Amino acid sequence: MTALLQHPGYDEEKLRRVAEQLPCREVQAGLLLSLMGEPQQYSYPSIFIYGHRASGKSHVLHVLLKELELHHATVSCVECVSVALLFEQVLLSFFGCDAASLLPRSPSLSDFVRIYRQQPVTMETSSHQTVVLNPVVEDNVTVILLSEIVWDKFRPNTGCFEPLLLHFPDYSKGELQQILSQDRHPSYSAEFYSSYINILLGVFYSVCRDLRELRHLAALNFSKFCEPLEEGKVKETDTHKLWRNIEPHLKKAMQTVYLREVSSLQWEQMQLMEEKEAGALRGLSAHTHVELPFYSKFLLIAAYLASYNPARTDKRFFLKHHGKIRKTNFLKKNEKTSNHLLGPKPFPLDRLLAIFYSVVDSRVAPTASIFSQISSLVTLQLLTQVSHDDQLDAPKYKCAVSLDFICAISRTVNFDIVKYLYDFL
Amino acid sequence: MSKRKVKDVHRPIGECITQVQQILRERFCHQQLPDRPEGLEAQYKHLLELLRRSAIQGESNSVLIVGPRGAGKTMLLQCVLRDLLQEKEAQKNLLQVHLNGLLQTDDRIALKEITRQLNLENVVGDKVFVSVQTEYYEQILENKTAEKSPGDRSSSRPVLFVLDEFDLFAHHKNQTLLYNLFDVSQSAQTPVAVVGVTCRLDVLELLEKRVKSRFSHRQIHLLSSFGFSEYLQTVRTQLSLPDDFTDRGFAQDWNSSIQTLCEDKSVEEALQRHFNSSKDFRSLHMLLMLCLSRVSVSKPSIKPADLLDASRLCLCDAKANMLHGLSILELCLIIAMKHLNDVYEGEPFNLQMVHNEFKKFLQRKSNSMYNFEQPVVMKAFEHLQQLELIRPVDGSSAKTQREFQLMRLMLDHSQIMEALQKYPQCPTDVKQWAMSAFG
């Protein structure tokens, strides 16, 4: 392709190098370049670039500023927890550590501007994701702000100097394919790799369009994709067999690596092991399935029932002779008020113990060991304490486990919890 | 006798374009001062008179310049100061202190800045008074003026205080700085002029009673009361090249092309849209800057299409652009939220409800979407929260689990429908689900 970026005032060779490093982003780079103008000309004081994660905002800017050797300072707002760090970084990048050391102990914006003005500065600058500054310095400074969130959320009440808004659109499926195919392994052909990318995008594109995540997934799973090829079972062009091999693996990846349930290292190790040895991959959530003592399990079950059943229905579930309950007593269940959608409700300790005693078969004495088990459930964050710490005589709790978890637990004690839940009547 | 011929200088087109860019960029990006502020003659005269009386005749004054953002307040002040300082007496005597409410966020910092700008560090040393008395101000002013004109006690040097973002100074504790400045301007021997610049029209309500009584209640309003024809005229003059351009022929061609541009119907409509939303110069400069960035050697003039493109860029909906980049799962979640909002009339929802709604759609209508696991849906939901398309309702977020935390959708019905139209390769059943009345 011929030089897509052309601008007087900059070397053509440099621009060609820039264009090579920015695939699918030529339009945006060209726009930025034309806004910045030639190095000695003025450019618009404030530009706001917004777009999704991994849509190339910092990459484009970084490449442009580095290759064209424009004077710049890059600051990340996530790192600068206080304004002093921000000022120091900017002064350091522009003027060196002498200027940065001139900043007093807890500098205000006034000090920063004063020191900045004292230094001689001639060329363009940019800084990434900074607080909004009015153009109080009169020379040729451009503040470029990069963000995922739109400008409307940042605008102050009484207004300010509005920056020029630039949108970096997301990559389309074709563009993603093109960029991901650039990472190809040298020992395999380009078509082979692009068929792999095609399959990967087919599984993950409807869920995630983040370029970084997709690259990570592509890198992790490529060895598994090539496995049948290396074992000699299939040829490169046998796409159907390759697809059948990799597709369940990718589906599994979606449940584990994509969600960061397992680390990438664990995933790679699992791929190396044989299929029979692999077994179930223990994700992070699996660690919450701790083995609880017998009574704790029943306490947890009782807590779940107390949270998700309304109090007036306790009589029906837990008394031996509850008498005839007329259907009209139960209000017609509106789907919205299903407790499983709204969340757990708080319950007092007495109700928990009442349900516990009716649920546990054997006779249990209310000793301190039972109460201490309740506290340990709170520490394990399976229950949350809702009442204030000072209220000792009537504490309130909420159950913080999901339906799947409690079903698993009740299965281990042979208790059919679904029969006791109001929402599943 | 040879007549002196006016030589028509022709430069190569690349040089002309560079020069055009230089001149126009100085106008749009650098806020170059015009010779005379247009449309503000009365205000200009008023301010000039006032400051001249302070600078030359030793009168103390205070004035506020009030107007919406981008109306030209700072430009007016800079023009007046520039013209005032051309008079020798003013230039010799007048001392200036420029303060900005955004930089000097505290009275202490402001005081340090004043002493620094008046070069009084050697007199005051490192002492900074936390609670400043009026006498301190009078003292520093006397010190300053006495220092510079030692022989002549009767004429002390006038000091001009310019306070940008004046309304922010009114938020300082006890408004001490303002109180002292206005007090000095009322009572002291040294002539002091205080000029405040602010964008808030109700700035006087912010002042305390004692401060307000010392203020002269003189306000200069810049209310941009010009019509659309003047706006068009401004566009034309802003884009035209000055007479002293090196290549006269090129300048004439350029100016005539600007003339035809401004007479184009579609351009007029676009400018009317901009005029209706905001009349200020800054947004105009932004629009013209975008047009200017397309001027290059291969395209040495501004065409109507450029202006229309720039206008579209300025007026586009940012959130709709962000919606374009969401994955299909996230888009389905947003449609589910829209349905929930329709059915329950805007009450907040949580992830479980949204997931439930999505599952209903999958059971009944969908053939293209796959039933994703709860954690995957949770991750998509959290991504939407990160983009601030949904926000948690204020409440105790620590005590509720993430799936049950109530949220609100920050998008409008029309924004969602519009985004759906533009969404690339949207499956038809998803679109139909969105259009249907109830989930």
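Which residue of chain A forms a salt bridge with Lys379(B), and how far apart are the closest N and O atoms?

Mentor: That's Glu213(A), and the closest N and O atoms of the pair are 3.3 Å apart. A salt bridge here is a Lys or Arg side-chain nitrogen within 4 Å of an Asp or Glu carboxyl oxygen, and the count between chain B and chain A is one. Keep in mind that this is a predicted model, where local features need pLDDT of at least 70, side-chain atom pairs need 80 or more, totals for chains, interfaces and linings use all residues, and side-chain values use heavy atoms, without hydrogens or water. Residues are numbered from 1 along each chain as written, while chains are lettered from A and ligands numbered from 1 in written order.

Now step back to the whole contact (heavy atoms within 4.5 Å): chain B puts in 60 residues and chain A 64. Together the chains bury about 5600 Å², with 57% of that on carbon and sulfur atoms; buried area is the accessible area (1.4 Å probe) lost on being put together, summed over both parts.

There are also 17 residue pairs in polar contact between the chains, both residues at pLDDT 80 or more. That term means N or O atoms within 3.5 Å, one able to donate a hydrogen and the other to accept it. On chain B's side, several helices (DSSP H or I runs of at least four residues) each supply at least two residues, among them helix 5 (107-117), helix 18 (328-344) and helix 20 (374-386). Helix 1 of chain B gives the largest share, six residues. Sorted by type, chain B's side has 24 nonpolar, 20 polar and 16 charged residues, with Asp, Glu, Lys and Arg counting as charged, Gly among the polar ones, and Tyr and Cys among the nonpolar.

Note on methods
Buried area = accessible area lost by both parts, 1.4 Å probe. Polar contact = N/O pair within 3.5 Å; in protein donor to acceptor, adjacent residues only side chain to side chain.
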